[in-house]
Each structure stands twice: as structure tokens, then as C-alpha cells.
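Let's take a walk through a protein model together. Have the sequence and the 3D view open, and look up each residue as it comes along.

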Amino acid sequence: MAVTRYRRTISLNSTTLWATWVVIWRLLRWVRLAAARKSSGFGGTAERAKRICALRAKVAGGTKGLSGLAWSADGALVGCQMRAGSVVTLVPGEGGQVTLAPRALSGDAARAGLNDLAFDRDGRLWVTNMGDRRHPEWAGVWCIPVTGEPVHSKVGATRPNGIRWSNHGGGSGTLWVADYARPRAFRVPAVPGKLGPGGETSLDFAAAPNGSGGADGLAIDAQGNAWIALPGHARIAVVAADGTPRGFLDVPDGPSNCAFGGEDGKTLFITTRSTVRSVPTLGEGTWVARASPRAAPAPPAPAAAPEAP
């Protein structure tokens with residue numbers, strides 16, 4: 001495994017962060033990286049959170065555009081399929097085989113274009129649909145409750161993409177939704193099971209002079225800052241919980257998504273077109289998944305006393 005390291009200075013709101021980038025090759029393209037979580041069945045995921053885990057498995061029947069991944073409260077790894085318009089649970093099997101088990105969706109929610117997903121604190125699943133040229137009305141966010149019918153909401157984004165919950169903002173929290181059509185994101189306050197009117201957050205301050213396109217995946221840190229990937233601009237924009245610009249990171253290869261992890265939760269892992277990079281930060285992130293510490297090894301058995309001569 002080829003590993004490249006180099007140092008660079010990142011200026012973030014007058015604070016200088018020294019970062020060591022670690023480039024790791026040969027990860028599956030469709031793996032959306034979160035911190036490694038202890039979960040039976042997936043080889044390698046029972047490692048400590050500071051480890052990056054590649055899911056090297058054969059998916060029965062193909063991935064069919066498997067996109068975002070999220071851990072449910074009961075430890076299941078859940079993803080959505082853009083082309084098939086379905087939400088699936090990844091079920092590990094023998095010999096590294098993984099089966100995609102569909103989760104029940106209504107006819108309206110089961111449409112092509114599903115992109116990313118996130119669970120809220122009450123176990124509800126929230127999924128973005130990017131829509132398409134023939135059906136722009138499909139674009140929006142679906143709330144899939146534990147019981148009951150899915151609810152569709154328009155959040156203002158033309159092509160909703162990355163989605164994450166923040167505990168900042170009062171009430172049931174704030175839902176962040178990235179817009180793949182433009183460098184912007186939407187902060188949507190929530191009450192139980194419903195979304196209120198959203199506020200647009202411009203990311204033009206982080207747009208590169210020759211860049212193009214909009215926002216992709218994102219992560220939230222413990223202070224409520226949103227770290228939002230701008231693949232067409234080769235940057236990650238950082239904005240405060242109220243949408244105030246904080247700064248940006250230059251990321252080669254075009255960042256597609258990011259997540260906090262590491263042993264102390266202060267490492268930002270970034271997926272790009274061909275690599276996974278990591279950069280230490282000063283603040284802890286909001287955990288998407290966290291590994292349980294390994295059990296301490298049992299003490300060695302006492303040595304037998306030597307026999308008397």
C-alpha cells in the first residue's frame with residue numbers, strides 16, 4: 001500500500017493548523033468513509049476508530065449505484081442506491097460476500113436519484129434525492145420514520161446531495177443539506193419528524209477561480225461547524241453553525257465526502273476521486289460511528305512453582 005505524507009499549513013479563521021496528510025490508495029470507490037465501528041461480520045471493522053477500514057467484499061448482484069452509507073442505532077450499515085432508487089442494509093456473509101437487503105419504502109420514496117442518508121437521534125432515516133432533468137420534482141429530502149409513511153420535503157436545494165444532522169440550532173437540531181448544483185448548502189431547523197423553512201448558506205467564498213459545480217458530502221464538528229466538500233473547486237468549505245464563513249481547505253483530486261474519526265475524534269477523513277486523505281484538526285467532530293475499545297487482554301497465568309529437588 002503506497003503511502004504519501006506531506007505537511008501544509010491551513011489557515012482557518014486566524015488559527016493555523018499544522019496538518020499531516022496521509023494518502024491511502026486502493027480503497028473501493030463507493031465506500032463512504034466514516035470512523036470504523038465495531039460491527040460483527042464485516043472483516044476489519046472491529047478495529048479501533050483510528051484505523052481506516054476498507055470494505056473488501058463482493059456484493060451479490062452488484063452495487064447498482066450504491067452511494068451514501070450510514071450506521072443505524074442498532075449497528076447496521078445502511079446505504080442507498082441511486083440507479084435502483086432503494087435503501088438497503090449491507091448484510092455480511094460467508095467468504096467476504098455481502099448481500100444488499102432492501103428496506104421497505106413507499107412507491108413515492110423508491111425513485112431513482114437517492115444519494116445520501118443520515119439517521120437522527122430518534123432513529124428516523126433521512127435521505128436526499130437529487131432528481132433528474134425529466135423529474136426535477138423528485139428532488140428533496142425524504143424522512144423515513146421507524147413506523148408510518150415516508151414524508152417528502154423541499155429544502156430549497158436544486159440537487160440535494162450530502163446530508164448531516166447537527167445538534168446545534170435548538171429543537172430537534174438542524175439538518176444540513178448540500179446542493180450539488182451550486183456551491184451552497186441549506187440549514188433546515190427541525191421539529192420531531194418535520195422540517196421547518198430552511199436558510200441558504202452561500203459557499204462562494206470557497207469557490208476556486210477556475211472551479212465549477214456545487215457541494216457534495218459534509219461533516220459536522222462538535223462546535224456545529226459544517227465541513228462541506230466542493231469537488232469541482234478542490235476545496236472543503238468550513239462554515240459556522242449560523243452559516244458564517246470560517247475558511248477552507250485545499251484538497252487535491254477533488255473532495256467528495258468527509259467524516260470525523262480517529263481515536264480522539266479530531267481527524268478529518270476525506271474521500272476524493274482516487275484517494276482517501278486524513279488531516280488532524282484542533283476540534284473534535286460529531287461522531288457518525290465510533291469503535292468500541294478493545295477489551296484488555298487477560299493476565300497471563302501464574303508460572304508453576306518449580307518442583308523440589
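## Before we start

A polar contact here is a pair of N or O atoms within 3.5 Å; within protein, one atom must be able to donate a hydrogen and the other to accept it, and residues adjacent in sequence count only if both atoms are side-chain atoms. Keep that in mind for arginine 235, where a polar atom of the side chain lies 3.2 Å from the backbone oxygen of alanine 206.

This is a predicted model, where local features need pLDDT of at least 70, side-chain atom pairs count only at pLDDT 80 or more, and totals for chains, interfaces and linings use all residues. Residues are numbered from 1 along each chain as its sequence is written, and side-chain values use heavy atoms, with hydrogens and water left out.

## The big picture

How many helices and strands does the protein have? There are 23 strands and zero helices. Both are DSSP runs numbered from the N terminus: helices are H or I with at least four residues, and strands are E with at least two.

Of the 309 residues, 49% are buried. Buried means under 20% relative accessible area, exposed means over 50%, and partly exposed is in between (1.4 Å probe, protein chains only). The protein exposes about 15000 Å², and carbon and sulfur atoms supply 52% of that area. These areas come from the Shrake-Rupley method with a 1.4 Å probe, and for residues only the protein chains shown count as cover.

Now for contacts, meaning heavy atoms within 4.5 Å. Among contacts between residues at least 6 apart in sequence, 47% join residues at least 24 apart.

Not counting residues up to four places away in sequence, arginine 235 touches a list of residues including Ala207, Ile228, Leu230, Phe248 and Pro255.

## A sheet of four strands

Four strands form an open sheet in the order E8-E9-E10-E11, with antiparallel pairing. Why do E8 and E11 each have a side without a neighbour in the sheet? Strand E8 (114–119) and strand E11 (151–153) stand at the edges, each with a single partner strand, so one side of each is left without a neighbour. On average, neighbouring strands of this sheet are turned by 25 degrees against each other, direction ignored. For such angles, axes are lines fitted to C-alpha atoms (for helices over the stretch in contact), and angles run from 0 to 180 degrees between N-to-C directions.

Two strands pair if DSSP finds at least two bridges between them. Strand E10 (residues 140–144) and E11 run antiparallel and are joined by three bridges. Tryptophan 142 is opposite histidine 152 in E11.

## Two residues around E9

Asparagine 129 belongs to strand E9 and is buried, with a relative accessible area of 1%. A polar atom of the asparagine 129 side chain lies 2.7 Å from the backbone nitrogen of glycine 131. Leaving aside neighbours within four places in sequence, the contacts of asparagine 129 include Arg111, Leu114, Trp138, Trp142 and Pro160.

Arginine 124 is in the loop between E8 and strand E9 (125–129). Arginine 124 counts as buried at 15% relative accessibility, and a polar contact of 3.1 Å joins its side chain to that of aspartate 122.

## A covered strand

Strand E13 (residues 174–179) is mostly covered, with six of its six residues buried. Thr174, Trp176 and Ala178 point one way, while Leu175, Val177 and Asp179 point the other way. Five bridges join E13 to strand E12 (residues 160–166), and the two run antiparallel. In that pairing, tryptophan 165 has leucine 175 in E13 as its bridge partner.

## What about disulfides?

A disulfide is a covalent bond between the sulfur atoms of two cysteines. The rule used here asks for a pair of cysteine sulfur atoms within 2.5 Å, and the count comes to zero. Cysteine 143 is buried at 3% relative accessibility, and cysteine 258 is buried with a relative accessible area of 2%.
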